[in-house]
Amino acid sequence: MKSLNFFSSISFMGVMLLALSPNRLYAILCSNKSYSFAISFAKTFGGDTTDYAISVQQTSDGGYIVAGYTRSFGAGGDAFLLKTDASGNLQWAKTFGGSSGDVASSVQQTSDGGYIVAGWTWSFGAGDYDAFLLKTDASGNLQWAKTFGEIDYEFAYSVQQTSDGGYIVAGWTWSFGAGVYDVFLLKTDASGNLQWAKTFGGGAGDVAYSVQQTSDGGYIVAGYTYSFGAGLSEVFLLKTDASGNLQWAKTFGGSYYDYASSVQQTSDGGYIVAGYTESFGAGGSDAFLLKTDASGNLQWAKTFGGGNWDYASSVQQTSDGGYIVAGYTGSFGAGGDVFLLKTDASGNLQWAKTF
C-alpha cells in the first residue's frame, strides 16, 4: 500500500449546496404542531458536464466543506473538494486525481483545521479501483495521500478522525475477506500509515457505508449484507473494539432489499441508522429510520415514503433528542427531489420538506 501524489486547482465547481434556517418562510403542520424554517441559501457549482456532491460538513468558521466528483474540471473524472463561507459563497475548490476515475465520498474537518477525504481511485494504486485517503491543509492544499488495496476492487465510503489523531475508514473490498466482497475497515495513524485492516462478511457480498468512533473507543459500522439475514439483502450493523475486533453484528430487514447508508451513536449510548427498505412501507422503496440500544437490539423502526422510490442518505441526532434525515424522494415534490424530514426522539414525524 503506497502513497500517491496528485493535485490541481480550479476556479469553480453542478453540485447544489442548500442550507436551512429557522424562520417564517415555510410553515408545516404535523401532529397539530407548527414548524417553520426557510432556505437560507441555495448554490450550484459546476461546469458544462457532470459534477456531483456526496459529502458535506459545516466547518469551524461557520462555512461548509463539500466533497464529491467532477468531470468538468481536472484530469479526467476527478475527486473534488470545495469550501464555502457561511453564506455558501465559494472560497476555493480543488481537484485531485489522475487520468482515470477518482471519487471523493466522505470529508471531515480535522483537529488542525485541515480536511481528511476518503474515496476511491482508478488512477493510482495496486489494482482496478483502490480506496484512497488524502489530507489537506485548511486551504485545500494536499499534504499527503495514500491508497489501500490489491489487485481487485476497494472502495472507501466513510472516514472519521479518531481520538488519537488518526483515521478510521469504512467501505468494501473485493481483494480480501471471505466472500465475493466484504466490509473493509481500516485504521491509520495521523500520517495515513496503515495500523490495521479488518474484513467482515460471509460467502456473498457485504458493504459498509458509514463508520463512527464510539464513546468506548471502538467503532460502529453500518451498511448491508447479502451473506446474512432473512431477505435478499439486509441492513448490517456491526460493533468493534478499538482494535477492530468484532464485538457484535446485527441484521435488520424483511424478505426483499434493505440497506443502511448512515449511522450515529445517540446520546443514550445506542445507535440511529438511516437507509431505505423495499421490504416495508408504502412504495417501491421507502426511507427508513431504526433505533437500537447499545448492544444493537432494535428499539423501534419507522418508514417514510409514498408510492414511488424514497431513500434516506444521512441522519444526525438533533439538540432536542430527535433526528434530522436527508435523502431523496420520487413520491413527493416536483419529481425526484431532495427531501428533509425531522422526527422526535421516538421516530415520529414532526415535519418533512422537499426541495
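**Exercise 1. How many helices and how many strands are there in the protein chain?**

Solution. The protein chain has 0 helices and 27 strands; both are DSSP runs numbered from the N terminus, with at least four residues (H or I) for a helix and at least two (E) for a strand. This is a predicted model, in which local features need pLDDT of at least 70 and side-chain atom pairs count only at pLDDT 80 or more, whereas totals for chains, interfaces and linings use all residues. Residues are numbered from 1 along each chain as its sequence is written, and side-chain values use heavy atoms, with hydrogens and water left out.

**Exercise 2. State which residues touch the most other members of the largest nonpolar core.**

Solution. A nonpolar core joins buried Ala, Val, Leu, Ile, Met, Phe, Trp, Tyr and Cys residues through side-chain atoms within 4.5 Å. Buried means under 20% relative accessible area, exposed over 50%, and partly exposed in between (1.4 Å probe, protein chains only). The largest core has 13 residues, and Ile65, Leu81, Val107, Tyr115, Val117 and Leu134 touch the most other members. Among the strands that give two or more residues to this core are S5 (64-70), S6 (78-84) and S10 (130-136).

**Exercise 3. Explain what the salt bridge of Asp112 ties together.**

Solution. First, identify the partner: Asp112 forms a salt bridge with Lys135, the closest N and O atoms being 3.0 Å apart. The criterion is a side-chain nitrogen of Lys or Arg within 4 Å of a carboxyl oxygen of Asp or Glu. Next, locate both residues: Asp112 lies in the loop between S8 and S9 and Lys135 in strand S10, so the pair ties together parts that are 23 residues apart in sequence. Finally, consider exposure: Asp112 is exposed, at 52% relative accessible area, while Lys135 is buried, at 4%.

**Exercise 4. Is Asp182 buried or exposed, and which side chain of opposite charge is nearest?**

Solution. Asp182 belongs to strand S14 (residues 182-188). Asp182 is buried and has no salt bridge; the nearest side chain of opposite charge is that of Lys198, 13 Å away. For this count, Lys and Arg are positive and Asp and Glu negative, with His and the chain ends not counted. The side chain of Asp182 does reach the backbone nitrogen of Ala178, at 2.8 Å. Leaving aside residues up to four places away in sequence, Asp182 touches several others, including Gly171, Trp172 and Asp206, where contact means heavy atoms within 4.5 Å.

Technical notes: A polar contact is a pair of N or O atoms within 3.5 Å; within protein, one must be able to donate a hydrogen and the other to accept it, and residues adjacent in sequence count only if both atoms are side-chain atoms.
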